[in-house]
Amino acid sequence: MADASTDGSGHRARLRQRLFEGGPDALLDHEIVEYLLALAIPRRDTKPLAKKLLREFGGFGGLMTADAEAIARVGEISEGAIAALKTAHAAALRLLKDEVRERPVLGSWQALLDYLRADMAHEGIERVRVLFLNTRHVLIRDEPMWEGSVDESAVYVREIMRRALDLKATAIIVVHNHPSGDPSPSQQDIRLTRDLAEAGRHLKVTLHDHVIIGAQGHASLRAMGLI
């Protein structure tokens, strides 16, 4: 009978072969996590830990976007294994971000949405970021602005417009996430959008869109006729 380490090596070799031959869809979520963990814990059966982590974080997206401290609190996982998960997440985000870097954002809209959803859809805290664009609609800067609900519209409008002028941006896209998963805009979201659009008209900074990201999808306030 093969010992545990040999059997584990054989199982991982089979996963690896399926991945090489069938591409990313050839492996189930828990198998991808299992293999990533095995890179850092080669002599352990990582399937039970992979399944536990997926249960704890509500699925693949929730696990991959969780911060290192939250993953560590689950227990039974080394820093090296956490680093393997976070490196995979960082690589995925970099690949998606490359799809919109140095290209007109409005012509790469789906690629932008894919990047934003991968980065923000499963966040447990509401975060607001602003994409600053130049006259060719190419991204100048993607900056986090604040955390928490958008309930002080006037303060945020001043902060965003001041930064746009500093960067000589001619257009902006505001993005934030709803930790509830439902991307439907709140009254505060709508008020911020309208205040930003009005301030931008005076300062010649166009608000292209306000996009809300959630696990259930996204909402474009422009597409909803609110800009």
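Tutor: β3, α9 and β4 form a right-handed β-α-β unit; right-handed here says that, with the strands pointing away from the viewer, the path from the first strand over the helix to the second runs clockwise. Helices (H or I, at least four residues) and strands (E, at least two) are DSSP runs, numbered from the N terminus. This is a predicted model, in which local features need pLDDT of at least 70 and side-chain atom pairs count only at pLDDT 80 or more, while totals for chains, interfaces and linings use all residues. Residues are numbered from 1 along each chain as its sequence is written, and side-chain values use heavy atoms, with hydrogens and water left out.

Let's start with the pairing of β3, where two strands count as paired if DSSP finds at least two bridges between them. β3 runs parallel to β4 (residues 206–214), joined by 7 bridges, and I173 stands opposite D209 of β4. With β1, β3 pairs in the antiparallel sense over 6 bridges; there I172 is the bridge partner of F132.

Now for the faces of β3. In a regular strand, side chains alternate between the two faces of the sheet. Here both faces are covered: A171, I173, V175 and N177 lie on one side, I172, V174 and H176 on the other, and all are buried (under 20% relative accessible area; exposed is over 50% and partly exposed in between, with a 1.4 Å probe and protein chains only).

Take V174: leaving aside residues up to four places away in sequence, V174 has contacts with V128, R129, V130, I160, L196, L207, D209, H210 and V211, a contact being heavy atoms within 4.5 Å.

Finally, look at the loop between α9 and β4, where K204 is found. Phi of K204 is near 60°, a positive value in a residue other than glycine. Most residues other than glycine have a negative phi. K204 counts as exposed because its relative accessibility is 69%.
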